[in-house]
Every structure is written in C-alpha cells, then in structure tokens.
Amino acid sequence: MSGKVWAYVRSPVGAGAGANAAGGKVVAGLRASHVAGAGSKAGALDGGSPWALAGLPMLDEPSGPGAAGPNDCVVPVGSAPTLLLSDKSAMTSLTISPWLMNAKAKETAALPDGELQRRLRREGVPAIIGEKRPGDVGITRLSVSVWGFDAVEIARLGWHSPSINDVKYKRGQVDPICLHREHALWKPAEKLAARALYALGLDFGQVEARVTDQGKLYVAAVRPVMPRLSPGGQFRLKELVNEFASAWAAEAFRRPVAKLGADPEFVLLSEDGRVVPASRYFKPEADAGCDSVRVRGEKRWPLVELRPRPTTEPSRLASDVRRLLVAAAEKTAGAALTWRAGAMPVPGLPLGGHVHLSGVALTGERLRALDNAVALPLRLLEPPSAAKRRPRYGALGDVRRQPHGGFEFRTPPSWLVSPRLALGAFALAKIAAEHSRELAAWRPLDEERYREAFYSDDRAVLLEASDRIYGLIRQTAGYDRYREPVDYLFASIAGDRRWDESADFRRKWRIPIM
C-alpha cells in the first residue's frame with residue numbers, strides 16, 4: 001500500500017501488456033526509461049515541458065518492482081493516454097486499482113466541437129466552442145492551466161494589447177503574458193476551467209477561456225494536456241503536485257477519517273403562501289441563522305440556514321440538526337408559518353443541503369465518489385419538479401473549498417424534508433469520502449449514458465446506475481457501520497418513493513408546531 005504518485009510517458013504503439021496487482025489488465029506502454037527526448041508535443045516530458053520540474057518519479061515497468069500498485073496514482077505525460085489500468089467490464093466484486101488521472105483524455109480530445117459544447121452547457125458551464133463571433137476581435141482570450149481544482153497559470157493569448165477588454169492597467173499590475181493571482185479574473189477563470197475539466201472527466205489540462213466586453217467568461221476550447229508553462233507556472237505546478245502527492249501518500253498509509261458538517265436551508269411561508277424573510281426571526285451569523293440571495297441585484301434574506309457542529313459520526317450530526325430545528329421553532333413560536341425544504345419548494349427559490357467535509361483531501365476521485373454515492377441516490381428520491389434547480393444549482397461536482405481547510409459538497413438539495421433522508425445523506429457522504437478508492441472501481445456517472453440520464457431524468461437508466469453504486473457501497477467497510485440508513489434510502493428508491501416538498505417537514509422531525 002505504497003501510495004506513490006507516478007508519471008509515465010506513453011511508449012510506442014505495440015508495447016507489451018502485463019497484469020497489475022489488482023488483477024485487472026494493464027494495456028500498452030508504461031515504460032519511460034528515457035526521459036530526455038521523450039517527445040516535444042505539449043505535455044511531453046522533455047527539458048522544456050511542464051512536468052520536467054514537477055518532481056514525480058517515473059513509472060518504469062507495467063509489472064514488477066517498478067509498477068504502479070493498487071493505491072498508487074499515475075499521471076499520464078504526453079498526448080491523450082490509451083492505457084487502461086483495470087478491466088472494469090469484467091468486475092464482479094470490489095477492486096482497487098491505481099488511479100489513472102485524465103483517463104477520459106482520449107475520449108475528450110475526440111469529441112466534435114458541438115458535442116463538447118453540449119456536454120459543458122448541460123453541466124452549467126458556459127461554453128461557445130469552435131464558433132467565430134463578430135465581436136471576437138475585441139474579446140480577451142485566456143489560457144488557463146489547471147491541476148485538480150487549482151489554476152497553475154493563467155496566460156493571455158494575443159497579449160500584445162496593453163489592456164484587458166479596453167481596461168488599461170498600470171505598469172506592474174499585469175504581467176505582459178501571465179495574470180497575477182491577485183488579478184480580479186483569476187478566481188472566476190480558475191473556477192470556470194476547473195469545472196469544465198471535471199465535467200469532462202479530466203483531472204488536469206488547459207482551458208481556453210474568453211472574456212466578453214461585459215466581463216463574462218466562457219469556455220472556447222479544452223485540451224487534456226498541460227501546456228508549456230512559464231518558470232513561475234512550473235514552480236506553481238511543482239508545489240501543487242508535491243502537495244497532492246503528500247496527501248495521497250498519507251491517505252494510502254492510513255485511511256482518513258472524514259469529519260462531517262452541513263448548512264441545510266429551508267424557507268418559511270405565511271398562511272397565504274408568501275415567503276417570509278428569515279431575517280425577521282434569525283440573525284445571519286447564528287447557528288440557526290439566515291442566508292441571503294440576490295434578486296435582480298438586490299440582497300435579500302429569505303432562507304433559514306442551520307450550521308450544526310462538525311462531527312465524525314453521521315448520527316451525531318443528524319441529532320445536532322434536530323437541536324437547531326428545535327431552537328428555530330422557539331424563535332418562531334406563535335407565528336403562523338409553514339416550513340418547507342427540498343430542492344425547490346417555492347418556484348424560483350432553490351435550496352441547498354450542502355455537506356462539509358474535512359480530514360480528507362479534495363481530489364477529483366473523491367468528488368466523483370460523492371457524486372455517485374450521494375448525488376445519484378438523492379436524484380432518484382426528489383420529485384420531478386426538482387429538476388428545475390439544475391444546472392445552475394445542483395450540478396454534479398459542485399464544490400467549494402472552505403477556509404478551515406476542508407471543502408463543501410454543494411450538489412445535494414436540502415435533505416431536511418426527512419430525518420431519515422438527512423441521516424442517509426450523511427452516511428453516504430461519510431462512506432464516499434473514506435472509501436473513494438474502492439468506489440472508483442465502477443462509478444456509473446463516469447459513463448456518458450448515465451451522466452446524461454442524471455440531467456435528462458431518464459429514470460430507468462438512473463435505476464441501473466443506482467443498483468450499480470449500491471452494489472459497490474455494500475462492499476465497503478463503511479457500509480457495515482451505516483447499513484440501516486443506507487439500506488433505507490436504496491429501499492425507498494426501489495419502492496419509487498419521492499419526498500414531498502409541499503409538506504411542513506417539522507412533523508417528520510417531531511418538532512412541535514407552536
């Protein structure tokens with residue numbers, strides 16, 4: 001259980017194959033004994049490539065002492081990889097195999113412009129691929145290089161202009177080619193590019209983004225390779241790769257323990273069905289507080305938001321949620337109100353049931369485990385009207401880092417509609433976070449057929465996906481600890497049960513209606 005992170009350069013077509021430690025197939029070309037002269041294509045490991053200084057050990061053999069082990073991670077260097085580290089189609093039981101980053105690179109590179117654009121827009125990522133618009137001459141073009149969820153470098157394309165969208169900067173504020181991390185465009189461009197790569201099943205790469213004269217960003221191209229970087233970009237890449245490799249090795253040595261938190265939302269309705277501002281009863285900073293939304297640019301406070309105490313146990317988190325619901329009931333005592341939760345109990349007002357995780361590293365593999373083990377089952381339990389929340393809210397892979405070092409999984413809707421639903425969501429998040437390596441064996445949402453069904457509401461296909469992920473979950477050690485709440489959710493799916501967003505959820509939680 002080494003937990004190493006390797007780089008490999010593709011060998012010529014026709015290289016031999018061997019068997020890996022997990023019993024799957026290793027196909028074509030892991031040997032990289034000659035680093036110098038490995039190629040000059042973008043991403044190839046030569047002296048000027050972005051990987052030359054990244055510090056990763058080179059994978060030497062597909063089997064034997066120099067091979068990738070079951071808990072290792074392999075970073076393909078060069079053009080779109082053809083290597084497969086496991087034969088998932090033949091899996092009948094849970095299997096751990098090395099994680100091949102950018103496994104979707106070849107598929108993504110082959111997508112026609114129209115299909116690439118469709119997939120990105122489906123996931124809520126603004127994209128205009130391969131179209132030349134009349135106003136493109138004045139639009140700023142950016143190359144955003146991404147590792148995981150971090151921008152390595154953001155470079156200007158066609159940088160001879162002294163301004164960005166006609167906004168001129170003083171000397172020293174903007175590098176002639178690369179943007180500084182303090183630049184106002186850095187964070188939105190980083191978020192857009194990371195979302196685009198993740199939505200396409202990639203873990204690193206280059207996104208060409210464009211900035212309109214109104215300051216809006218959209219994706220114009222995606223390339224599943226790391227481009228050549230400036231010296232500063234290479235230093236940044238090395239930092240990020242070393243940080244990732246250290247976290248990966250630590251988790252391989254000792255299984256991480258995920259600490260859970262949450263900030264579920266609900267809405268208050270008056271007797272005539274109008275939304276009552278939560279700020280009338282709750283303070284923004286309180287544990288049972290309120291949260292804001294912007295309506296036509298105006299900040300309003302319609303949502304009640306609960307902030308339970310973080311804990312490693314799902315049952316304790318659910319108990320603390322109930323404690324806060326009781327506190328909220330005391331603050332609204334005597335008011336003729338109805339409490340609603342779910343995905344969108346009031347038209348135009350989507351609600352979130354964000355789950356916070358700490359003690360585990362944010363990786364693409366972990367986020368995909370959360371999508372499959374948490375978002376997919378909840379998708380099958382929501383009412384049909386909940387689909388209106390997506391893709392602006394509730395898209396797969398919606399994540400945000402937190403100041404405390406953890407991250408917030410934002411895809412789920414407000415599971416406050418039921419205490420058993422809440423407990424089940426916490427249990428699944430715990431299992432996904434701690435067993436993401438095992439769940440990687442056969443994730444349905446990695447396949448386009450199931451991902452399309454998630455957004456198009458093809459229930460028959462989603463049920464197939466649900467059965468598949470349920471089978472993997474049952475083989476984890478976490479399932480033995482949280483069997484009851486997990487089985488309840490999947491039994492509800494099998495029984496075609498949906499939650500009711502029109503009901504006052506206090507009755508389910510046995511909260512007195514005062």
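Setting aside neighbours within four places in sequence, Ser418 is in contact with Lys508 and Trp509. You'll find Ser418 in the loop between strand E19 (407-409) and H7. Keep in mind that this is a predicted model.

**Ser418**
- Ser418 counts as buried because its relative accessibility is 13%, and the cut-off for buried is under 20%.

**Helix H12**
- H12 covers residues 483-494, and its twelve residues should span 16 Å at 1.5 Å a residue; the end C-alpha atoms are 16 Å apart, so the two agree.
- Buried residues in H12 are Pro485, Val486, Tyr488, Leu489, Phe490, Ser492 and Ile493.
- The cover over those buried residues includes helices H6 (364-381), H7 (419-434), H10 (459-473) and H11 (477-481).
- After H12 comes Asp496, which has a positive phi, near 55 degrees.

**Helix H5**
- H5 takes in residues 314-331, 18 residues in total, and runs 26 Å from first C-alpha to last, close to the 26 Å expected at 1.5 Å a residue.
- Its buried residues are Pro314, Leu317, Ala318, Asp320, Val321, Leu324, Leu325, Ala328 and Ala329.

- The average pLDDT for the chain is 85, with 81% of the residues scoring at least 70.
- Residues 80-93 stay under 50, and the model gives them 41 contacts beyond four places in sequence.
- Residues 166-174 are also below 50 in pLDDT, with eleven contacts in the model beyond near neighbours in sequence.

Terms used: Residues numbered from 1 in each chain as written. Predicted model: local features only at pLDDT ≥ 70, side-chain atom pairs only at ≥ 80, totals over all residues. Heavy atoms only, no water. Helix = DSSP H or I, 4+ residues; strand = E, 2+ residues; numbered from the N terminus. Expected span 1.5 Å × (residues − 1). Buried < 20%, exposed > 50% of the residue type's maximum accessible area, 1.4 Å probe, protein only. Contact = heavy atoms within 4.5 Å. pLDDT = per-residue confidence, 0-100.
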